[in-house]
Amino acid sequence: MGTTLKSSLLCFIAVVGIVAAAVTIVVVAVPEGLPFAVTMILAYLGKRKMGGPAMVRKLSACETVSSATAICTDKTGTLQVTKFWVGQESMEDGGGSISPFVVELIHQGVALNTTAGSPLTEYEKAINSWAVVELKMDMEKIKKSCRVLIRVEALDFEQKRSGVLIGRNNDDTAHVHWKGDAEMVLAMCSTYYDACGVVKDIDDGERAKFEQIIQGTAASNLRCIAFAHKQVPEEEYDELKEMKRVDGRSLTLLGLVGIKDPCRTAIC
């Protein structure tokens, strides 16, 4: 009887020791190890999601999404160009009052500064459709009259601007076209075309006016895209072609468009 009681007491003491050790480990180790463990788990979840259509920008989002049973997004319908400026003048008549020279340059920038050998991005589809309908752009005619020499990445959500170096077949001149985020493209420009095709300098006052237009489009929930152009001097052409680089300095602003992302009709 005494032996049994003694054995039971020893077992109880042993269990108490184990529990005490476990509590000690939890109290001491968890404050240090918990953040590391959580980070490792979130990193693992983020890596798993990269294998699918989701891109995790913040690891903490994995925990939130994992607890969600329904997701409401602002996924919208087909992108549409709803605003158009040449210089600081808003064009509401489909380009009828714009210099044909400026319209031709915009045609080249839209038709040739685009994805090569891949499906068009959503922004490119919207801009191309607008140019065909509103500015009467003939895509095939432009592609036959010019050749692409150097191309930079296509415009999409990741790459905020794209550029191309083209050669005209009729006069063998080389031209640079850029399009993309209006603020980024404006920063690359030192002059701009007005609606009559006259080149004007962009001083601090003029730049502030363009920035006001860009901010106004953002306030109207529009994505502002800018087009810019530059004719490449003969002495620079060979250097650019050899370096496979599209010059982005001292451009002339061609115009701005505001792209709307209209709400898609709810489907229940």
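Some ground rules come first. Residues are numbered from 1 along each chain as its sequence is written, and side-chain values use heavy atoms, with hydrogens and water left out. Because the model is predicted, local features need pLDDT of at least 70 and side-chain atom pairs count only at pLDDT 80 or more, while totals for chains, interfaces and linings use all residues.

**The chain as a whole**

The protein chain has 8 helices and 9 strands; these are DSSP runs numbered from the N terminus, with helices being H or I of at least four residues and strands E of at least two. Of its 268 residues, 36% count as buried. Here buried means under 20% relative accessible area, exposed means over 50%, and partly exposed is in between (1.4 Å probe, protein chains only). The accessible surface comes to about 16,700 Å², and 58% of that belongs to carbon and sulfur atoms; the areas come from the Shrake-Rupley method with a 1.4 Å probe, and for residues only the protein chains shown count as cover. Among contacts (heavy atoms within 4.5 Å) with a separation of 6 or more, 66% are between residues 24 or more positions apart.

**Helices α3 and α4**

α3 has 10 of its 13 residues buried, so it is largely enclosed by the rest of the structure. Those buried residues include V102, L105, I106, H107 and Q108. α4 has its own buried set, with Y123, E124, N128 and W130 among them, and the buried residues of α4 pack against β1, α3, α5, β5, β8 and β9. The expected span in the table is 1.5 Å times one less than the number of residues in the helix.

| α3 (100-112) | 13 residues | 18 Å | 18 Å |

Rolling a probe the size of a water molecule over the atoms shows where empty space is left. On a 1 Å grid over the protein atoms alone, a pocket is an open set of points where a 1.4 Å probe fits, with protein on both sides within 12 Å along at least five of seven lines; lining residues have an atom within 4 Å of a point. The second largest pocket has a volume of about 250 Å³, which is the space filled by probe spheres set on the points, with grid points joined across faces, edges and corners. Its lining includes E104, H107, K136, D138, I142 and R168. α3 and α5 (139-145) are the elements that give two or more residues to that lining. By type, the lining splits into 2 nonpolar, 5 polar and 5 charged residues. Ala, Val, Leu, Ile, Met, Phe, Trp, Tyr, Cys and Pro count as nonpolar, Asp, Glu, Lys and Arg as charged, and the others, Gly among them, as polar.

H107 sits in helix α3 and is buried, with a relative accessible area of 12%. Leaving aside neighbours within four places in sequence, H107 touches L135, K136, M137 and I142. Its C-alpha is 8.1 Å from that of D138, 31 residues apart along the chain.

K136 counts as exposed at 65% relative accessibility, and has a positive phi of about 55 degrees although it is not a glycine.

Another non-glycine with a positive phi, about 60 degrees, is N221. N221 lies in the loop between α7 (204-219) and β8 (222-232) and is exposed, at 66% relative accessibility.
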